[in-house]
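Hello,

Here is the structure I promised to pass on to you. Please have a look at it first, and then read my notes below.

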Amino acid sequence: MKNKTQKFDSKEEYFIKNGGVLLEKLAALSKGKEVGGHLKILSQEEIKKATNNYDPHLIFVRLREAYVYKAVLDDRLVFIKTPAKLGPNPELADLFLTELSVLMALHHENLNTAYGCCLETYIPMIVYPYKLRSKECTVLHRYLHGDLLLKWKNRLIVVTQVAYALSYMHNALSKPVVHRDVKSSGILIDSLFNVILANVAYSVSITPGKNDERFPVHGTPGYIDPEYTATQEVTEKCDVYSFGVLMLEVLTGMNPSEMARCGRDLVGEFVSKAETSEGFKEMIDADVLEEGDNNMNMIELQRFCRLALKCVANKGEECPSMISVVEELWEMMHTR
């Protein structure tokens with residue numbers, strides 16, 4: 001305990017507090033198991049230098065209350081996540097520490113990894129190694145709704161990698177870790193179509209079968225499981241549903257979050273129109289249809305559609321596990 005006569009400056013106070021909370025979160029996630037990897041502890045000055053004093057030109061993506069910079073640190077390409085505002089914000093500080101603990105506990109090729117962090121600010125800052133194989137990268141959202149084209153075979157590859165990451169999160173530790181914010185703008189993709197599932201700040205570790213655990217609803221409108229909204233109970237189904245919405249987004253090219261802002265629902269609209277073959281074709285992204293309207297291609301699209309609709313079933317017990325989803329997608333990829 002701190003001696004009454006001992007004085008810490010704010011950096012030391014934040015460092016001690018953030019370090020203690022991080023250790024608590026790691027212990028809860030790992031259940032006493034050793035957490036692999038090493039975390040580089042960085043000073044605020046090192047973060048400032050790497051981001052060129054938080055140069056806005058280095059911002060890779062702007063999140064709700066944070067910026068992610070693409071920068072160079074220790075002669076290697078990294079992403080650095082900082083709060084948009086450096087002032088006190090207890091809720092945001094907890095989100096950053098949650099993300100950091102999850103990144104330290106989980107290690108998968110399609111998930112972000114923690115390279116380092118700065119704990120001496122009120123809200124910790126996170127450094128991720130650049131794990132993608134190509135130096136050029138963006139988010140999946142830009143391919144689906146921006147100025148980049150993504151062929152169907154590559155859409156299938158991307159979706160399968162996201163499914164791998166979620167399946168790992170649900171099964172790697174003694175208790176499932178539920179992402180709670182799966183969306184196209186949180187999926188990094190490089191020019192070789194390698195994928196990183198990011199934004200794990202809203203992740204929670206759950207105890208299967210324990211129905212009295214309730215968590216405030218978090219996520220992005222348009223992707224959130226309605227059953228979770230109604231009950232506040234977090235299960236793996238929350239991610240399965242969001243993943244199903246992502247599959248429909250990839251299939252149709254429609255933007256779930258934009259639709260939600262206008263009072264529309266991608267799942268509801270797709271289900272109502274896809275009952276007929278003409279309605280199904282009407283819902284498919286024109287870029288996908290233009291690749292070839294042969295019978296084999298339509299069979300694959302219909303199979304993909306059926307899997308997506310299983311994921312967005314009304315009741316959680318009717319949904320497949322992410323392991324089953326991975327198996328189905330893998331089979332689709334290897335029987336093309």
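Among contacts in the protein chain (heavy atoms within 4.5 Å) between residues at least 6 apart in sequence, 66% join residues at least 24 apart. Before you go further, please keep in mind that this is a predicted model, in which local features need pLDDT of at least 70 and side-chain atom pairs count only at pLDDT 80 or more, while totals for chains, interfaces and linings use all residues. Residues are numbered from 1 along each chain as its sequence is written, and side-chain values use heavy atoms, with hydrogens and water left out.

Now the overall picture. The protein chain has 13 helices and 11 strands; these are DSSP runs numbered from the N terminus, with helices being H or I of at least four residues and strands E of at least two. Along the principal axes, the C-alpha atoms fill a box of roughly 75 × 45 × 40 Å. Of the 336 residues, 51% count as buried, where buried means under 20% relative accessible area, exposed over 50% and partly exposed in between, with a 1.4 Å probe and protein chains only.

Next, the charges. The structure holds 13 salt bridges, each being a side-chain nitrogen of Lys or Arg within 4 Å of a carboxyl oxygen of Asp or Glu. One of them joins Lys 81 and Glu 99, at 2.6 Å from N to O. Lys 81 lies in strand 4 (residues 76–83) and Glu 99 in helix 3 (residues 90–105), so this pair ties together parts that are 18 residues apart in sequence. Lys 81 is buried at 5% relative accessibility, and Glu 99 is buried at 1%.

Which residue forms a salt bridge with Asp 181? The partner is Lys 183, with the closest N and O atoms 3.4 Å apart. Here Lys 183 counts as buried at 10% relative accessibility, and Asp 181 is buried at 4%.

Arg 142 and Asp 147 also meet in a salt bridge, at 2.9 Å from N to O. Arg 142 is partly exposed, with a relative accessible area of 36%, whereas Asp 147 is exposed at 58%. Finally, have a look at Arg 303, Glu 328 and Glu 331, which are linked in a network of salt bridges.

Best wishes
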